[in-house]
Amino acid sequence: MGKQARISGTGFAVPPRILTNAEISQRVDTTDEWIRTRTGIEERRIASEDMHNSDLAAEASRKALCAAGIAAEEIDMIVVATTTSDMPFPSMACILQQALGARRAAVFDVVAACSGFVYALSVARQYVASGECRHVLVTASEVLSRVTDWSDRSTCILFGDGAGAVVLSASDEGASDILAFHLGGDGRLGDLLKIPAGGSSKPASHETVNAREHTIRMNGAEVFKAAVQKMNFCMRMVLRRAGLEASDLDLVIPHQANLRIIDSLRKYLDLPREKVYVNLQKYGNTSAASIAIALAECVASKRLARGNLLGMCAFGGGLTWGACVLRY
Ligand code: COA
């Protein structure tokens, strides 16, 4: 497929405010022990009231551009993955373009809930591989704390805020390249995880606000089952497409939703613990941003080195799922 697509820079940003399980247990009927054993989450980051999603996105993006050694004016396209955009429109990508001064860039958002980063990266790869773009900025950023029902103990324990970004650049040399994607979805299962109001079908009204319909609704047990099944399925599909075995991978970054979901993927792939990256104890589920944050952390800590084979797989509302295999 034409040009090689190389991750030339990564970055991430999380708000400084840490919300611990102990603090949540003062607001709703839960315990630190319950949250840790059922999810693996210990704490999450929460944006302050004056912090916008685009502020986090811009911070992560600047770090990725700096790591890639390119100026904002060199970006040909910005693709933002988010479900918690600053506002219905303009898109987050437009707001981010303005913040960065990326005047030449085409700008749009991709909405695929927690699978958003993998979906957005697949779009970027097409433009880079076709030769249409030299540098695409892919930024995944969420402030889920703004759409969390803080009185619902089955969801408020799960989510957090943060952003991750990568610059994907065209390359003719070296081994770095994206090898394969597998993307999918099943709209029949959309009711399992959604924000019911605030769109054009059910615009904001006193009734929707009173009924808390602007916050996340989830059938946790059903989502859990589907997540295990679809994460395993899309990893199998992407490995087959890349002509690889799971044992060939140096590192797997799964979507950080629940440690038990990640453990089932690890067992399914028969991978040792050290090959599967986990940071959800620190950040909870940051939806689209989760893999992007983890990727930037792995690069920063040298857990991921040039030439390594990396697998990523995500699952989320929609339902959607997506996996990618690349040589870093
Ligand atoms: N503290 C204490 N008890 C809680 C609780 C909490 N925070 N949240 C739920 N419970 C209770 C439930 O009310 C239920 O009580 P009941 O049996 O008296 O009705 C009990 O715990 C079991 O609930 P259940 O939903 O079966 O628990 P679970 O083991 O499935 O864990 C989740 C709940 C939400 C942690 C789990 O279903 C999950 O992680 N699902 C996937 C969610 C996800 O990843 N979503 C994002 C996808 S991208």
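These legends describe close-up views of a predicted model.

**View 1. Residues around the ligand.**
The shell around the ligand holds 22 residues, and T30, R38, R153, G220 and N258 come nearest. A polar side-chain atom of R38 lies 2.7 Å from an oxygen atom of the ligand. The ligand taken alone exposes 940 Å², of which the protein buries 71%.

**View 2. Origin and make-up of the ligand shell.**
Three elements, α2 (32–39), α7 (220–242) and β12 (309–316), each supply at least two residues of the shell around the ligand. Which of them gives the most to this shell? The answer is α7, with four residues. By residue class, the shell divides into 10 nonpolar, eight polar and four charged residues. Domain 1 (4–174) and domain 2 (178–280 + 289–327) each provide at least three residues of the shell.

Strand β4 spans residues 77–81, and five of its five residues are buried. In a regular strand the side chains alternate between the two faces of the sheet. In β4, M77, V79 and A81 point one way, while I78 and V80 point the other way. Residues on both sides of β4 are buried. Strand β5 (residues 106–110) runs parallel to β4, and five bridges join the two. Within this pair, A81 stands opposite V110 of β5.

Strand β6 covers residues 135–143, and nine of its nine residues are buried. H135, L137, T139, S141 and V143 point one way from β6. V136, V138, A140 and E142 point the other way, and these too are buried. Where does β6 meet β4, and in which sense do they pair? The two strands pair in the parallel sense over five bridges, and V79 stands opposite V138 in β6. With strand β7 (residues 161–171) the sense is antiparallel, and nine bridges join β6 to it. The bridge partner of V143 in β7 is D161.

**View 3. E23 in helix α1.**
E23 belongs to helix α1 (residues 21–27). Is E23 buried or partly exposed? E23 counts as partly exposed because its relative accessibility is 25%, and buried would require a value under 20%. A57 lies 34 residues from E23 along the chain, and the C-alpha atoms of the two are separated by 27 Å.

**View 4. R36 in helix α2.**
R36 sits in helix α2, one of the elements that supply at least two residues of the ligand shell. R36 has a relative accessibility of 39% and therefore counts as partly exposed.

**View 5. Two cis peptide bonds.**
Most residues other than glycine have a negative phi, and most peptide bonds are trans. The peptide bond from F89 to P90 is cis, with omega near 0°. P90 is placed in the loop between β4 and α4 (92–100). A cis peptide bond also joins G318 and L319, where omega is about -15°. L319 is in the loop between β12 and β13 (320–327).

A113 is a residue other than glycine with a positive phi, near 50°. A113 is found in the loop between β5 and α5 (116–129). Why does A113 count as buried? Its relative accessibility is 16%, and the cut-off for buried is under 20%. S287 also has a positive phi, near 50°. The loop that holds S287 runs between α9 (280–283) and α10 (289–300). With a relative accessible area of 4%, S287 is buried.

Notes: Residues are numbered from 1 along each chain as its sequence is written. This is a predicted model: local features need pLDDT of at least 70, side-chain atom pairs count only at pLDDT 80 or more; totals for chains, interfaces and linings use all residues. Side-chain values use heavy atoms; hydrogens and water are left out. A residue is near a molecule or strand if one of its heavy atoms lies within 4 Å of it. A polar contact is a pair of N or O atoms within 3.5 Å; within protein, one must be able to donate a hydrogen and the other to accept it, and residues adjacent in sequence count only if both atoms are side-chain atoms. Accessible areas come from the Shrake-Rupley method with a 1.4 Å probe; for residues, only the protein chains shown count as cover. Ala, Val, Leu, Ile, Met, Phe, Trp, Tyr, Cys and Pro count as nonpolar, Asp, Glu, Lys and Arg as charged, and the others, Gly among them, as polar. Domain bounds come from an automatic or database domain assignment. Buried means under 20% relative accessible area, exposed over 50%, partly exposed in between (1.4 Å probe, protein chains only). Two strands pair if DSSP finds at least two bridges between them.
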